[in-house]
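Work through the following exercises with the sequence and the three-dimensional view side by side. Try each task before reading its solution.

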Amino acid sequence: MTDDIEVSRHNAVRFPGISPRAYEHPVDRGALATLRAVPGFAQVVKAVSGFYAERGERLMALASAIRVGPKQYPELDKLRNECAETLDLDRVPNLFVARSPEVNAQTIGMDEPFIVLNTAAVEAMDLASLRFVIGHEMGHVLSGHAVYRTIMIRLIGLQMSMSWTPVSAIGIRVVIAALREWYRKAELSCDRAGLLCSQDPTAALRSQILVAGGIDPSKIDIPAFLQQAAEYESVEDIRDSYLKLRYVETMSHPLAVVRAAQLQKWAASEEYRGILAGEYPRRDEDAPSSNWTDDLKSAAKSYKDSWTSSADPLTKVFSDVGEAVSGAAGKVWSKFGGGNGSDEGAAPESGK
């Protein structure tokens with residue numbers, strides 16, 4: 001860990017009572033809203049998973065990694081407490097440093113979530129970048145992502161055990177693909193949480209450059225790096241589009257370069273500036289049971305905007321097909337819903 005770069009926290013903005021909805025990606029919120037709408041579903045999964053796995057994982061971390069505290073990695077302990085304070089967490093999660101050559105971190109557990117930070121990340125990053133990484137993991141804690149990630153892991157195991165039944169395997173594959181799509185968006189959400197903790201887009205970008213393969217971020221040309229994301233999004237050959245879908249389907253995290261570009265775009269947005277100015281939803285105002293339909297609409301709008309702005313030919317095909325199907329459905333509804341084909345029976349505009 002290099003400590004030559006330290007960002008003063010005297011002027012850092014804190015977010016009392018901030019709701020995770022403030023930083024969650026629209027598609028992330030939509031997926032969570034769908035799952036939360038099932039009565040008791042998350043609570044049952046949480047109880048079962050915690051009973052079987054969480055206690056053991058916590059004991060393994062305690063026995064095989066370094067628990068961060070005032071006397072062990074005190075610099076990281078300071079960042080841990082700063083990030084928890086910035087996001088106003090009720091409890092400061094434990095932080096462990098584990099030996100691993102992979103530049104990565106993860107959040108484990110649901111009843112008592114804790115963070116594991118790999119030594120490769122600690123050794124490669126300065127304190128400002130580590131603040132972003134730890135803040136990212138704090139976002140997972142605040143959003144309660146471990147519940148849904150556990151569902152995904154359980155289903156992957158179930159898929160393997162049912163691989164001998166093609167129909168069942170295909171059905172589960174669809175669900176897993178949807179959950180992985182959600183988790184990739186959840187990672188984008190928590191990148192935003194990390195930025196709210198660090199309040200330093202440059203430090204966030206440095207950490208993501210390291211994840212993407214940068215050895216020394218100062219030797220990476222930022223415009224050229226971000227241009228890679230633009231080139232990836234604007235492929236002209238539909239075969240490349242198919243390959244993108246094929247490889248991304250099985251990934252749990254967004255592609256590193258594209259992910260970095262997404263966060264820099266959000267860092268330049270009015271939404272981010274508004275949160276820094278204190279304009280954000282509070283947890284005590286949240287009512288998931290009554291607003292989940294709005295989350296689903298927001299997710300749909302996010303996808304539609306992405307399709308509209310994308311230069312990817314396969315994405316445009318999906319968009320055109322979707323519009324065609326919506327138009328056909330509207331005509332059918334108009335014909336049969338009204339009984340006489342008049343506009344009185346037409347589907348409402350918001351349903352398209």
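Rings of Phe, Tyr and Trp (its six-membered ring) form a pair if their centres lie within 6.5 Å, and planes under 30 degrees apart count as stacked, over 60 as edge-to-face and the rest as tilted. The model is predicted, so local features need pLDDT of at least 70, side-chain atom pairs count only at pLDDT 80 or more, and totals for chains, interfaces and linings use all residues. Residues are numbered from 1 along each chain as its sequence is written, and side-chain values use heavy atoms, with hydrogens and water left out.

**Exercise 1.** Classify the pair formed by the rings of Phe-15 and Tyr-280.

*Solution.* The structure holds 3 aromatic pairs. In this one, the ring centres of Phe-15 and Tyr-280 are 5.7 Å apart and the planes stand at 80°, so the pair is edge-to-face.

**Exercise 2.** Decide whether Phe-15 and Tyr-280 are buried or exposed.

*Solution.* Buried means under 20% relative accessible area, exposed over 50%, and partly exposed in between (1.4 Å probe, protein chains only). Phe-15 has 1%, so Phe-15 is buried; Tyr-280 has 8%, so Tyr-280 is buried.

**Exercise 3.** Classify the pair formed by the rings of Trp-266 and Tyr-272.

*Solution.* The centres of the Trp-266 and Tyr-272 rings are 5.2 Å apart with planes at 55°, so the pair is tilted. Trp-266 is buried at 4% relative accessibility, and Tyr-272 is buried at 5%.
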